[in-house]
Amino acid sequence: MTTEGGVQYSKIAEIKGPLVIVDDVENAAFDELVEIETKDGERRLGKVLEVGNGKAIVQVFEGTSGLSISGTKAKFVGKVMEMPVSKEVLGRVFDGLGRPKDGLPDPIADKFIDINGEPMNPEQREYPKDFIQTGVSVIDGMITLVRGQKLPIFSGSGMSHNLLAAQIARQASVVGTSDDFAVVFAAIGVQYSEAEYFRRSLEESGALKRSVLFLNTADDPAIERIITPRVALTVAEYLAFELGMHVLVILTDMTNYAEALREISAAREEVPGRKGYPGYLYTDLSTIYERAGKLNGRKGSVTQVPILSMPSDDITHPIPDLTGYITEGQVVLGRDLFRQGIYPPINILMSLSRLMKDGIGEGSTRADHSEVSNQVYDAYSRAQEVRALAGIVGKAGLTEIDLKYMNVGDVFEKEFLSQATDENRTIEETLNVLWKIVSKLPKNEITKIKDKFIDQYYQEE
Amino acid sequence: MASNSALESTIDKILTNTEKNVISNIRLALVDSQQKIDSAIPKLESEYDKIISDGKKEANKIEKQITGSSDIEARNKQLMTLEESVSKVFSEALDQITNTARNADYSNLIKTLLNESTQILGTTQITVLTNSKDKDIVRSILPQFPGAELSSDQINCIGGVIVKSKDGAMTFDNTLDARIERLKPLIRKEIASKFGVGN
């Protein structure tokens with residue numbers, strides 16, 4: 001923070017989409033914060049995208065509608081955008097630019113941190129291996145989330161990803177440690193009703209006091225969406241690495257973020273990449289996703305669950321495609337399961353947590369976790385094949401063992417996958433339901449579990 | 001009469017058999033009931049445990065809701081009270097600054113502000129705007145800045161200057177109001193720490 005202010009320029013050369021081009025600018029810096037003042041004295045924030053030849057291209061976060069070339073002034077503030085942080089941000093609700101939205105004053109800042117963050121030194125990174133309990137059986141049991149991991153949820157339009165996001169935010173906890181846990185929730189371009197649902201849901205469950213909400217609604221300018229995940233991650237990093245908390249960051253919906261990026265790219269007349277998204281979409285996404293992790297010698301961690309809705313449920317769309325390259329697995333919501341009314345409609349056959357193997361087992365969840373999970377995965381996969389076969393030959397044409405697998409598929413969906421939105425299952429409960437499913441199979445079909453676990457947990461009918 | 005005794009013996013046999021059957025059925029029923037009771041006990045116990053555990057979960061959830069919302073409410077009240085106190089300190093401080101004597105120290109301050117402004121704008125070809133209280137001080141200092149002139153327009157501020165390049169393209173706000181505004185978050189933190197918050 002400096003006592004020096006910035007120079008205000010009044011020569012606006014052009015206003016193009018979300019961009020304002022300012023003429024005769026000296027000493028502006030890349031990413032510098034800019035205060036745009038309209039003819040009526042209204043102030044908007046922006047940042048410098050490009051400088052050169054006496055011109056500066058400024059991206060206005062709150063949009064350029066109502067701005068005119070004459071009368072608009074641009075003040076170059078002399079610093080990059082910073083987020084005031086302190087422990088006081090917990091329990092607060094902010095807008096997409098980090099300004100209070102709960103009618104309370106600005107938090108008393110302990111520090112002002114550049115929202116672009118500093119890249120983590122790869123050498124300082126610690127391999128994530130500690131379990132986070134979400135209370136959602138299918139995630140805890142079969143796609144386990146680990147502290148410091150980035151595990152996206154791939155959804156489709158209209159599916160229940162927001163319900164799932166809110167449930168994870170309410171229920172998530174670290175087990176077996178007294179370390180503090182916090183949730184940073186960034187809603188990017190969501191409907192007002194959804195934003196209100198997230199706020200109310202955390203407030204009513206009592207989880208708000210350990211959460212920070214950043215709400216950018218659909219009617220907020222699209223450009224603000226570029227900033228929302230960054231301010232959220234800045235707060236998360238402060239809570240994690242300065243205050244030693246384990247922080248879960250939920251970013252929903254990253255598709256809206258990518259679309260805002262496309263809008264700016266088009267306005268800058270950049271050469272479009274796949275589906276009009278900029279060629280640097282991968283690099284840009286990685287500046288967000290790579291802010292998850294753990295650092296050697298530091299107590300806290302930042303775990304990310306970005307949620308993105310795949311246009312037309314297309315997993316090859318550039319956003320899920322590029323996200324998948326950066327993150328450590330994915331949770332995929334299935335349209336078929338959603339249509340059957342199953343919640344959460346997670347398609348486990350398409351989902352994967354790459355770090356699960358390191359976060360489960362003796363000492364973190366239970367010794368039999370990995371094996372029972374693999375067995376159920378295998379059985380559900382077989383059940384799907386049997387269902388397809390039954391569609392052709394009918395149930396009468398199936399063998400006795402096929403029918404057992406079919407039953408396993410039904411029990412899996414009804415008792416394990418299906419869960420009420422306010423049902424918080426412990427890992428013990430989750431593993432017991434997995435054993436209930438495995439116990440529907442005859443012992444000779446159980447090939448992935450050691451005998452000692454079968455003797456201990458198999459439930460005879 | 002022989003037929004009567006045969007009849008009686010047949011009836012006796014039937015009665016005996018029936019009695020045996022009834023007794024055996026009663027015994028079987030007893031065993032069956034006993035087995036049902038035996039098997040029902042663990043089920044009842046597990047049902048009982050489930051009800052207790054669900055109840056505990058629900059109680060836990062409600063406790064979290066109540067403590068969570070009351071914690072937030074208390075914190076919010078504390079924040080509002082603190083903000084009120086900070087605002088009072090602020091307005092008191094601003095009043096004091098407004099009424100500062102326009103002495104030699106103040107003249108030096110204005111000179112520093114003008115120096116800083118011309119350096120940032122990169123020119124002394126400037127128009128200076130100030131308030132009625134500082135006008136005379138600014139006028140006396142301006143000869144040290146060749147090309148600088150005092151605007152006849154006055155601005156509403158507690159002190160300091162606004163400096164514009166003569167072509168009007170660049171403006172630098174170096175009023176005390178703007179400087180305080182820029183430092184407001186730090187000043188708030190300082191004041192809050194006096195109240196024992198954020199230490």
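In strand E4 of chain B, B:Thr171 is the bridge partner of A:Gln8. That pair belongs to a set of three bridges joining strand E1 of chain A to E4(B) (residues 170–175), with the strands running antiparallel. Strands here are DSSP runs of E with at least two residues, helices are runs of H or I with at least four, and both are numbered from the N terminus; two strands pair if DSSP finds at least two bridges between them.

This is a predicted model, so local features need pLDDT of at least 70 and side-chain atom pairs count only at pLDDT 80 or more, while totals for chains, interfaces and linings use all residues. Residues are numbered from 1 along each chain as its sequence is written, chains are lettered from A and ligands numbered from 1 in the order in which they are written, and side-chain values use heavy atoms, with hydrogens and water left out.

**Where chain A meets chain B**

- Chain A puts 33 residues into the contact and chain B puts in 29, where contact means heavy atoms within 4.5 Å.
- About 2,900 Å² is buried between the two chains, and carbon and sulfur atoms give 57% of that; buried area is the accessible area (1.4 Å probe) that two parts lose on being put together, summed over both.
- Three salt bridges turn up across the interface of chain A and chain B, a salt bridge being a side-chain nitrogen of Lys or Arg within 4 Å of a carboxyl oxygen of Asp or Glu.
- A:Lys209 and B:Asp71 meet through their side chains in a salt bridge, at 2.8 Å from N to O.
- Eleven residue pairs are in polar contact between chain A and chain B, both residues at pLDDT 80 or more. (A polar contact is a pair of N or O atoms within 3.5 Å; within protein, one must be able to donate a hydrogen and the other to accept it, and residues adjacent in sequence count only if both atoms are side-chain atoms.)
- On the side of chain A that touches chain B, the elements giving two or more residues are strand E1 (7–9) and helix H3 (192–205) of chain A.
- E1(A) gives the most to that side, with three residues.

**Hairpins in chain A**

- Strand E4 (residues 32–37) and strand E5 (residues 43–52) of chain A run antiparallel and are joined by five bridges.
- Within that pairing, A:Glu35 sits opposite A:Leu45 in E5(A).
- The hairpin of E4(A) and E5(A) has five residues between its strands, and A:Gly41 takes a positive phi near 90° there.
- E5(A) also runs antiparallel to E6(A), with six bridges joining them.
- A:Glu50 has A:Ile57 in E6(A) as its bridge partner.
- Two residues separate E5(A) and E6(A) in their hairpin, and A:Asn53 in the turn has a positive phi of about 50°.

**Around A:Gly63**

- A:Gly63 is in the loop between strand E6 (55–60) and strand E7 (73–80) of chain A.
- A:Gly63 is buried, at a relative accessible area of 13%; buried means under 20%, exposed over 50% and partly exposed in between (1.4 Å probe, protein chains only).
- Beyond its neighbours within four places in sequence, A:Gly63 is in contact with A:Arg44 and A:Pro221.

**A three-strand sheet**

- E13-E12-E15 is the order of an open sheet of three strands in chain A, with antiparallel pairing.
- Strand E13 (145–146) and strand E15 (173–174) of chain A stand at the edges with a single partner strand each, so one side of each has no neighbour in the sheet.
- Strand E12 (residues 131–133) of chain A pairs with E15(A) over two bridges, and A:Gln133 stands opposite A:Ser173 in E15(A).
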